[in-house]
Amino acid sequence: MMDRKLKGRGIAACWYGIARTATIDRAGAWAEIDDGGTGKVVTGVTEIGEGILTVLAQVAAEEMGIRPDDVTIGDNDTARAPEAAHAGATRQTYMIGNSVALASREARNVLFAELADHWAVEVDTLKAFDGELWAVGTNLKITMSEAVAICKARGVVPVGSASFTAHGTGLDPVDGSGAPWQAYVFGTQVAEVEVDTYTGEVQVLGIWAAHDVGRAINPRGVEGQIEGGVVQGLGQALMEDYQTDKGHTTTHGFAKYILPTSLDIPQINCSIVEDPDPLTPLRAKGIGEPSLVPTAPAIMNAIYDAIGVRIKSLPATPEKIMQALRDREAAKQTEVA
Amino acid sequence: MPKLKLEMDVNGKRVSRSTAPHTRLLDFLRDDLNLTGTKEGCGAGECGTCSVFVDGKLVKSCLMPAAKANGAKVETIEGLAIPGDLTPVQKAFHKTGASQCGYCIPGMVMAATSALRENPSAGIEEIKERLGGNICRCTGYTKIFEAVELARDVIAGDLPVTALEEDAVGDSYIGTNVRRLDAPSKVSGRLKYAADMKMYDMLQVQILRSPHAHARIVSIDTSAAEAMEGVECVITAADVPGKDGYGVFVHDQPTLATGKVRYVGEAVAAVAAEDLLTARRAVAAIKVEYEELPGVYFAQDAQKQGAPIIHDYAPDNLVKHIPVRKGDVAAGFAAADLILEDDFSTQQVEHAYLEPEAGIAYVDPDDVVVVISPSQNISHHRHMLAEIIDKPINKVRFIMSPVGGGFGGKEDMIYQGILAICAMKTHRPVQLNFTREESILASAKRHPSKVHYKMGLTNDGRITAIEFSMLSDGGAYGMSSEGVMRKAAILSCGPYEVHNLKVDTTAVYTNNTPSGAFRTFGGMQAQFATESMMDMAAEALGMDPFAIRRVNMMKIGSKTHTQQELKTASLDRCLDAAEQSCRWEAGPPNVRGQVRGDMGGPDTRKPCTLGARFEGTDLEPDGTEKVA
């Protein structure tokens, strides 16, 4: 007689395209290095929870030579901000990140040109970081607040703007050939599960998630996207199931539509792989969607490793696990007979 | 209506208000006291976003009548710290990145605070259990657990207070764990989502939804609703001023049902009234006569001869078919030593963002129609709305309010048109907040799919050919189906170089809840099938599952399924990283679970065994079963 609770492991790999599919994607941004050595960035669309506001502030700060805390990102407003298309498609770091980088760089170049002239040094000797600006090889060093004041006293507001694009081509209507994205990411996840063969309950105990993100702007934020994607994948793998009966939903609230809670969460071990994007200034790619892709198949492969039944129809509810175990037992009996 | 006079201590202040007898504690806090940090996520005690303390006990304020809290001491997210400051729990959430969209976070902070008040030395298992009544859809909970453990250790003095501060920056802000700039506003409950916003003189909108999956609208009688006191407008399809129709790819969905309804929950009419109760009563007073039509409820039935036609423009109920062809499939299968063929299916999935749909619209002094909502695509929405309300683009303005979770589900313009028309009719600000049930009923789901798969391989594990065919239920409207089918087809056969393939993905119309964009956009449905097939092939060939993937993986110079040459490829590094980090014990996937030596490591959690801590059960405290 086999043990009641059996463990197993499984893996799955994935790939994903970055930004809008099979089209020319684009995003616009405006930037200004503002009084007090602060930064102002306006772009058409930003945060839906993934942390892009912070990523954009880091990008702008890096380009302007200030601190992320000193960056203000304007509201997402079609009448007050340049178009940056939409918040989805694992495109924000890639599309809007690069647009903000270029706009901020242009603002910095305006400031640097004025300061180089003011100090009578070559512009390429100027550096700025973390709120300070200096000329390499000299003892000239001031705060960014002072730098902006000098620039404005010369009659110049340091502003920049950018439009960033990523090319994709539409698919051929007959054979589907085409280059739908200019950047791809890859990933691999391993799942370790325990299956209760009396109840059919599957618990995921560990996930190892290795994902290429190009370049991690904020590693903790990348982990947050991986962890969130894994748990949505786990929900789809094991419990979530929107059901209708002749078009009428029978899962109209969270009492019927079951979601993962804190007690369902495996230890998630993230490995961030950085294969920089060669085509873009930031060299980052993305992580929002791909983190979800391999979770469910990795869990199904792990269930197979544990109990020898393959669930091909999601979700792997306790009822389905028990039915599969019964079917396998019946098949064995038939073989014996 | 009689009013109840309630007095309570809220966040250390004595408050006294008269309120309606049906007011929940949640409404009393949000509507009467403007304490909108406490969120409504489900109204049924199932999600925890509305958690507050009443006389020191954590309660879900959506389940408690306000009158029950009369005389009590109530503490909300706004009262945990003095304004401008944060508690150690809130600072820890900030430090670890425990807030993403932030909508569940006030409730989560309350639950975490409760956990540490009840047991300042709570271990991780107890912390998890005490957070078990609070759903988070973004974070995967992991950073939340880290935050609560960090706060516990700082409060106990086991870690210095400086542990809550930001990591120091090196020589670049790129690659640094800068704390989320929006976290303080989220962990303190200060951030205003659309449902938290109020405007002077604002009306409340409610929607009448279809009770039928497929029916002709014979007549709509709005006279009784219009005659009700406090009702400012009632709108139907007849009130749409421009060319109606929206959708991410094909504009096949009307703002309000036109001529017929195609799914249960489709918007048919809407009311704007002085308050929510009046708006709901007016919606109930609208009389619609329907003539029910036969419906299509399974994707495989949609294209059968004689199937009911759902949209006149698509007599075959086809939303989109995407073909991908490469090489010579017949020759590929002829060269195979092993051919596997199987079927896979995935279910409809709800996005379940904790913030139900909500929005405000008004007409500004320059006659610009302004819509504030958690839309994931304000750029496209303004184009579509301009057509629908027949205005130039610069007279339509979309503002994206903080999005309490989207995952693709807030790309569809399913209510913003209604808001705009109500605002234009009344020239007053209007607000619409979905209930959870309404959100589940009316919003798009992940496409359920069925995949038929045929894969040929040689004995050394190389794939020689793949035939992949996927049928998806697009539901009643096109929404993102076209794009989802395209992405599913492009990614279908996974990160492997396959020289011969035939891929078809098809979405059809049915009378089910529409399917739309959902994180991975078809990618997971397709690759679930591929990754299952890879393991089945590995078992049949006696190969390690990493090994078979390495044999086939895309490399620099590989041609993708759509014949694009890759200039970079990183699957080799991802496979290596996963294999090494999990200490993988190599071998074929032939049910080795019971003999593996690589499991149960320190990088796994213990199985959850609720009740293990109680005496008299058959479980040891560590969760293992007692041996009799």
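These legends walk through a few close-up views of a predicted model.

**View 1. The four-stranded sheet of chain A.** Here we look at an open sheet of 4 strands in chain A, laid out in the order 4-3-2-8 with mixed pairing. Strand 4 (71-73) and strand 8 (159-166) of chain A sit at the edges with a single partner strand each, so one side of each has no neighbour in the sheet. On average, neighbouring strands of this sheet are turned by 20° against each other, direction ignored.

**View 2. Strands 2 and 3 of chain A, side by side.** Let's zoom in on one pair from that sheet. Strand 2 (residues 25-34) and strand 3 (residues 38-43) of chain A pair in the antiparallel sense, with 6 bridges between them. To find your place, look for Glu32(A), which stands opposite Lys40(A) of strand 3 of chain A.

**View 3. Two helices on the chain A sheet.** Helix 1 (residues 52-64) of chain A packs on the sheet and touches strand 2, strand 3 and strand 4 of chain A. The direction of helix 1 makes about 135° with that of strand 4 of chain A. Helix 2 (residues 92-119) of chain A lies across strand 2, strand 3 and strand 8 of chain A, and runs at about 150° to strand 8.

**View 4. Helix 1 of chain B and its cover.** Now over to chain B, where helix 1 spans residues 25-32. Its buried residues are Leu25(B), Leu26(B), Phe28(B), Leu29(B) and Arg30(B). What covers them includes strand 1 (4-10) and strand 2 (13-19) of chain B. After helix 1 of chain B comes Asn34(B), with a positive phi near 60°.

**View 5. The seven-stranded sheet of chain B.** This open sheet is built from 7 strands of chain B in the order 8-10-6-18-15-16-17, and its pairing is mixed. Strand 8 (231-235) and strand 17 (396-400) of chain B are the edge strands, each pairing on one side only. Neighbouring strands of this sheet are turned by 20° against each other on average, direction ignored.

View 6. Strand 15 (residues 358-363) and strand 18 (residues 430-433) of chain B run antiparallel, joined by 4 bridges. Ala361(B) stands opposite Val430(B) of strand 18 of chain B. Helix 12 (residues 416-426) of chain B packs on the sheet, and the strands it touches include strand 6 (203-209), strand 10 (267-273) and strand 15 of chain B. The direction of helix 12 makes about 35° with that of strand 15 of chain B. Helix 11 (residues 378-388) of chain B lies across strand 16 (369-373) and strand 17 of chain B, running at about 150° to strand 17.

Key
Residues are numbered from 1 along each chain as its sequence is written. Chains are lettered from A and ligands numbered from 1 in the order in which they are written. This is a predicted model: local features need pLDDT of at least 70, side-chain atom pairs count only at pLDDT 80 or more; totals for chains, interfaces and linings use all residues. Two strands pair if DSSP finds at least two bridges between them. Axes are lines fitted to C-alpha atoms, for helices over the stretch in contact, and angles run from 0 to 180 degrees between N-to-C directions. Two residues are in contact if their C-beta atoms, placed from the backbone, lie within 7 Å. A residue is buried if 20 or more other C-beta atoms lie within 10 Å of its own, exposed if 12 or fewer, and partly exposed in between; C-beta atoms are placed from the backbone.
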